[in-house]
Amino acid sequence: MYALYAGKVNITTSKTEVMESFDMLRHQNDSVRGGKVDSNLEQRLQLLDMHLMFQGRVNRSTLIDHFNVGTATASRTFKTYFEANPHNGYFVGGKKGGHYIADDFEPAYEHDTDRVLQLLCSGLVSYQLNTKTYGPPSTGLPNALCAVSVATVTRAMVSGKAVRIDYTSGTSGAASRTIHPHNIFAGGGAWYCRAFDEKSREFRTFRFSRITQATSSDSSLMVGEDGEWNASVVLSISPHNRHPNPQAHSFDLGMSDTAVYNQHTNAVVAGFLLTDLRVDSSEHGVLNPFEYPLRLLNREELEGVGSMSIAPGFDV
């Protein structure tokens, strides 16, 4: 998944009188019956809680767009949520109106940080369905992310503010830093945020799992544009010339009528993408073609790209 921060799912909805009529008819399915909350209402309450926690703000259009419901249903959802959690937010009117997170917010639900970051990164929403499956359990790294720390960082990202973090770097060890996050992305089974680091005075990439604590900051430092994030690069990839069956990997890349596959990305993500795809990025293609069945063809064009330091074999 390599996408810029997208905010929310963009689904247009009609607010006609006909829709509102159906909305009123659906009300009986969106109520608490026999001590149980209807599953549709439960999903809306969870999304409302998630937006407050991880974005710091939510309004009725969030629910309307996401669930394709009418204004009346969205309003009832807010009423139900804040009757049960009156101290979690406060209302602000006007152009940027909506409910904002309160200082003493306590999440009403346990949120899967991986799914939340998927939504924030690319607008994708995933649900676990109770159905027969035909594959193994998830074999990825355990989700070791602290939801509170992640939420503090993402709220700062959404609002354009700074955040103070305790961070353990793989090279320099543990330290406190004030960062200005602006985008998130996934690579190698992990989640990262891209941010300006006041300590080093440069933009850097931070792995969420290494943030042990995060608190809001009142830093007023003016931060410019992240040149690396905004720099577009092209990765020219082909099946490895030393692999005995390169055509098989041509099929993997969908290369039916061309010898080269051009992947467009940005300078920050490039190295992560090459690692995920197992692309031999060495100068002379010396890596094992069975472990790295693809080869980078335009290596010389990428020598000034910082993230290439993690690309397989780039330093060989």
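Author: Two strands are taken as paired if DSSP finds at least two bridges between them. The strands (E, at least two residues) and helices (H or I, at least four) are themselves DSSP runs, numbered from the N terminus. The model is predicted, so local features need pLDDT of at least 70 and side-chain atom pairs pLDDT 80 or more, whereas totals for chains, interfaces and linings use all residues. Residues are numbered from 1 along each chain as its sequence is written, and side-chain values use heavy atoms, with hydrogens and water left out.

Reader: How many helices and strands does the protein have?

Author: The protein has 9 helices and 14 strands. Strand β4 (residues 89-92) pairs with β5 in the antiparallel sense over 4 bridges, and Gly89 stands opposite Ile101 of β5. In the hairpin of β4 and β5, 5 residues lie between the strands, and Gly94 takes a positive phi near 95°. Strand β5 (residues 98-101) also pairs with β3 (residues 57-58), again antiparallel, over 2 bridges; here Val58 stands opposite His99.

Reader: In what order do the 4 strands of the open sheet stand?

Author: The order is β12-β11-β14-β13, with mixed pairing. The edges are held by β12 (261-266) and β13 (279-280); each has a single partner strand, so one side of each is left without a neighbour in the sheet. Strand β11 (residues 232-239) pairs with β12 in the antiparallel sense over 6 bridges, and Ser236 faces Asn262 in β12.

Reader: Does Phe105 count as buried or exposed?

Author: Burial is read from relative accessible area: buried means under 20%, exposed over 50%, and partly exposed in between (1.4 Å probe, protein chains only). Phe105 has 12% relative accessibility and therefore counts as buried. Its place is in the loop between β5 and α5. Leaving aside neighbours within four places in sequence, Phe105 is in contact (heavy atoms within 4.5 Å) with Asp49, Leu52, Met53, Tyr81, His87 and Asn88. The C-alpha atoms of Phe105 and Met53 are separated by 7.8 Å, although the two residues are 52 apart along the chain. For the protein as a whole, buried residues make up 44% of the 316 residues.

Reader: Which residues form a nonpolar patch on the surface?

Author: A patch uses residues with over 30% relative accessible area and no salt bridge, joining nonpolar side chains (Val, Leu, Ile, Met, Phe, Trp, Tyr) within 5 Å and like charges within 9 Å. Val125, Tyr127 and Leu129 form such a patch, with about 310 Å² of accessible area together (Shrake-Rupley method, 1.4 Å probe, only the protein chains shown counting as cover for residues). Leu129 lies in the loop between α5 (113-122) and α6 (147-159) and, at 61% relative accessibility, counts as exposed.

Reader: How many salt bridges does the structure hold?

Author: A salt bridge places a side-chain nitrogen of Lys or Arg within 4 Å of a carboxyl oxygen of Asp or Glu. The structure holds 7. Among them, Arg194 bridges to Asp226, with the closest N and O atoms 2.7 Å apart. Arg194 lies in strand β8 (residues 190-197) and Asp226 in the loop between β10 (211-216) and α7 (227-230), so the pair ties together parts that are 32 residues apart in sequence. Both Arg194 and Asp226 are buried. Another bridge joins Arg204 and Glu202 (2.8 Å, N to O). Salt bridges that share partners join Arg194, Asp226 and Glu228 into one network.
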